[in-house]
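Let us read a fold together, one feature at a time. Have the model open as we go.

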Amino acid sequence: MNQPAARLVVRGLGKRYGDPVALEDLDLDLPGSTLLAVVGSNGAGKSTLLGSLAGVLRHEGTASLDSRPLRPGDGRTTYLPQRLRLPAAATVADVLGLFRALAGGMPDRVPLPEDFVPEGSRRIGELSGGQAQRVALAGALLGAPDLVLLDEPLANLDDEARAIATGLFRAHREAGAIVLVASPAAHDVLAAADLAARIDNSRLATLGPAPAFLASLGHTIRSEGAA
């Protein structure tokens, strides 16, 4: 059986900060519309991978989407970093308006659920950490991105918001996007994902079906509990 052609092709992706290696010689091929969980311990290289693909980090190697090089600001890629400080004096509407401008004003491929974000007139500084994270995540998912890069997007979210968020990830995948979600503890993401990539010591250690990876985590937890 012929394998589907890869849409996202990454070759030799690497990042060094002097002697320390943040990411080393990573190759990745993702087909079609895919939801990929990027897992690994803190400092393994997950954020470096997403930041490099987003174009916010200088790096070695190449990355292309649909046979075209990834280019920051072309409207095809959206990126939510692990730590995004929204201006405290800005309103929710201000922030979403900025994100929409960055998305090129494209109509939303996946509508946001009603009441997912606070009232537009509220100021960011008045929001809880979880509410501010909802605003940031909602902004990153506006428009019609073909590549969605989300670094620990479920941080500070309660169970209800996490369930809504993972539903949004699946909806973007089903609408044709490639979605990469990085998390050090990604059980809920893994349950929704097609594939899982484990980054270990700055290298791509494994890449395979997410259900199998999630099952292996359950086996590990049971084994440790029995010890």
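**Sheet and cores**

Q: How many strands does the open sheet have, and in what order?
A: Strands are DSSP runs of E, at least two residues, and helices are runs of H or I, at least four, all numbered from the N terminus. Two strands pair if DSSP finds at least two bridges between them. Here four strands form an open sheet, ordered β2-β1-β4-β5, with antiparallel pairing. This is a predicted model: local features need pLDDT of at least 70, side-chain atom pairs need 80 or more, and totals for chains, interfaces and linings use all residues. Residues count from 1 along each chain as its sequence is written, and side-chain values use heavy atoms, without hydrogens or water.

Q: Which strands stand at the edges?
A: β2 (21–31) and β5 (68–69) do; each has a single partner strand, so one side of each lacks a neighbour in the sheet. β1 (residues 6–16) pairs with β2 over seven antiparallel bridges. Leu13 stands opposite Leu26 in β2.

Q: What do nonpolar side chains tend to do?
A: In soluble globular proteins, they tend to be buried together. A nonpolar core joins buried Ala, Val, Leu, Ile, Met, Phe, Trp, Tyr and Cys residues through side-chain atoms within 4.5 Å. Buried means under 20% relative accessible area (1.4 Å probe, protein chains only). The largest core here has 39 residues; Val135, Leu137, Leu150 and Phe169 have the most contacts inside it. Its largest share, five residues, comes from α3.

Q: What else is there, apart from this core?
A: Another core, of 24 residues, lies apart from it; Leu8, Leu23, Leu26 and Leu49 are among its members.

Definitions and conventions. Buried means under 20% relative accessible area, exposed over 50%, partly exposed in between (1.4 Å probe, protein chains only).
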